[in-house]
Amino acid sequence: MDYMTEKKLRPLYEAIDEGQNKLALQHTTKLLKKNSDWPLVKCVLFSCIKNKTLGFESSYFYHAIVELYENAANLQPKNEEFGNRWFMAMVRNSDYKGQQAAALKLHRTFKQNKYLFWAIMSLALQGKNSALSYTLAERMMGKAQEENRLDEVEHMRLYLLILLDQKKHEQALSLLDSPLGQKSLRDPEVRQIKIELLLANKKWQDVIKSTEQALRKENSDDWISWLAYFDATDALVADGSKELVTQARELIAQLSKQALEAPVLKRGPFLAELELDYRLKEDEKDILKNVLSYFSRFGSKSCCFEDLQTYTSFLKQDASKAKLFIESLRATVDDPKEKPGIIKTVYKNINIRKIERYLGLQSKLTLEQGIALTNELVKAYQDALPLGEGLEKTENQYGDDYVLLASHVLVDLYHEHKDPAVLIQAVCILEDALEKSIYNFHLKLTLVRLYAIHYFTDRFISLSCLDEVEQLFLESLMIYKSNQVETPEMIVKAYQYGTFSKIQEFIEFRSRLDSSLQQAITNVDLARIDSNASSFQVKYAVQYFQDLDVSKIKYDDAFIAEQADNRDFKVFLNCNSEEQPKGEELFRLTKPTNRVWLQMFSYILNILSAACSTKENEDLGSIVKQYTEFLERKEVVDEVTPQEYSMAKYICEISNALILIKDPATRKASNHMKTAAAILDKELSTENSFVDESVSWHLFHKVSITIETFNYGTVLVEMINRALGLTSKDAKKKAAENVNNDVFIASLQGMNEANKKLLLQTQAAARRGNEFFKGQFQKTLTRSIIESDYALEHFKQKQNQNRLTSYIKKMTSSWNNSVTNLAEESDRRVLKLQF
């Protein structure tokens, strides 16, 4: 390398050696402007950009990456790699219009079909906000079809996507009749799309033809095709084509025969027979005969219960018929001697128990009947345990559902008789089962809900374990942070591999996580946890709310409505009929955290932040006005706990007082202070907490919310004091001396006294609880269960009594830790009282 070249490159080398990628990038750009065909500098440029983007990606600054690659692509327009990376950077940034421009530029430069389809997909993604974009995308696809560019199934899927988003069903059906469309029908999803289009356009004969062909040649287990076939048949029969019923029965008979002769028995044709009988409203006896036949074949499958719900629901109206039907089901169960047959019998008996519960035969039981049924279920579980010897630890025991059903019966008894001892027994049998099936998520979900009923729920931040709860919340937020990185990469891969049918799906997934209700709730709960840690002394609490970033804690109706609830409660076992609460509702003590809860606490945190702000509080009045109107909505009372609502009203009253004291012409603020004091005294009193032996979630929740109320109240009262100039002991003493002449000062003093009284009540309640759990509570509780009439047979055995004692010891220790920490939290605040 000659001296002049080395001299030109020396600043670049030095920048690289020092790790200054940005400076190195600037040097390469200057060098390439003078000599655009310098291979060495091109390599350095690519390396700099790559290193630079890694830093940006870790910070999610996709817009900066776009700018980097756009500059690189403009410098090297013939560099396909830079062009691709520019496009993908905009994909990560959800810049659909920019994607379109980049893809068209790539297509003009490199003449590859994939870039044309990238541009069309980018146009289609703009269609939700611009009908013209759909029109242009459709025209481009039409032209591509004329030029024979559509040669892959995914190209057809893209064309279908554009037409379906515009509700152009006729054109979509015509497209599916093309040669590529016929080829695409090998894809089950495309086949389903065609059937849905035919149904939407009421082309009944075509539906029957397509679905029958799919059922005969593709898969007789395709339930979507069966339902579409029956929908079309119903419509034509209503128009007078009665012969189609015979045709349907012939199809079912033929496919049933084929299924019986096949190596693997398929359920589809036999379930289709039940569906047809149900639609035709056949005689009950005929329906039940076919149900029994179905159960004898498929009763050992876990899906059998769900399969038969619809076709047996009429039995719920007559308990005697339901009991006879259950006996008929039991009569179909054999008594095999070999292990595989015995395992199938276990599954059949479990399904019978589930159907029994669904038909209402396990509801409204007396305590004796419920305990007897639970004993039967626990014994059946224990009898099945030897069958699971040698199973891998990742596998579940064959009889686990017996324990789950037993827990449902015990929770029924709890709701009916309000005795927590039945819940403790439910926890113990589930914990025993979990030791043998450590990966059974049904057992874990049920246990979580049981512990919630008896201790705390997702809306209660236990002051005994703030560090653990905070860590869990932070870990859960990693899901959303990883979504910001990983989901864009999934979209990028979909473009690279031309999987256009998945792009919208990935974008929807990304959107649902970005606007997740659970993420918003977690952000609020983290702020509540942090505020509690800073609130033992008012000056630190005020400082916390001054520093609090509320940009992610939004309260407006539009934001709240956009939040997606991504929870799937269907994973929770539910064997109840439609007239009864669902399984997960049965195991829920109070309403879950929801949009109303989120909006209420978001308002509270924003009010506290605005009240403590060192800037001009021009927004405080507006926020409080909106908050006051929000609390008047009926759903607020219905969707939060009474304690949370009382706290919300208390915050509202003090906030209004804080605003009104700035108006010298009015003393309405004193009325708000009096109302706030009354709320503390009448609605949030903890005077009767921990005075008897009952332990419940409500007990801990009430004390915890009271401390949280005190925290927020002292902050707002401090801001009132500052607004009045009561920032020193002398000023407060002088104001107290003038209390008889100042209505507001009198109301403020009354509020302070109510606040102090409430805190002292809470301290006394927590101390009572502390003493309560340190006493003989554990032994008394264990003895009361073992010696009672509602003790399960399982716990009359010595070894199981020892396990019960062990579990109760852990529970008592947890309760004791919680109440100890509640006592410590209240003690810290009592020491810092400044009234």
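A pocket is an open set of points, on a 1 Å grid over the protein atoms alone, where a 1.4 Å probe fits, with protein on both sides within 12 Å along at least five of seven lines. The model is predicted, and local features need pLDDT of at least 70, side-chain atom pairs pLDDT 80 or more, while totals for chains, interfaces and linings use all residues. Residues are numbered from 1 along each chain as its sequence is written, and side-chain values use heavy atoms, without hydrogens and water.

**View 1. The second largest pocket.** Its volume, the space filled by probe spheres set on the points, is about 680 Å³. Of its 26 lining residues, Leu477, Gln519, Asn523, Lys552 and Ile553 are the closest to the centre; lining residues have an atom within 4 Å of a point. Helix 25 (466-496) and helix 27 (517-534) each give two or more residues to this lining, and helix 25 gives the most, seven. Helices are DSSP runs (H or I, at least four residues), numbered from the N terminus.

**View 2. Helix 19, residues 319-331.** Ala322, Phe325, Ile326 and Leu329 are buried (under 20% relative accessible area, 1.4 Å probe, protein chains only). These residues cover an arc of only 100 degrees around the axis, which puts them on the same side of helix 19. The face turned away carries Lys323, Leu324 and Ala331, which are exposed (over 50%). The buried residues of helix 19 pack against helix 17 (284-298), helix 18 (304-312) and helix 20 (339-358), with contact meaning heavy atoms within 4.5 Å.

**View 3. Helix 26, residues 503-514.** Ile503, Phe506, Ile507, Arg510 and Leu513 are its buried residues. They fall within an arc of 130 degrees seen down the axis, so they line one face of helix 26. The arc is that of the directions from the helix axis to the C-beta atoms.

Methods: Expected span 1.5 Å × (residues − 1).
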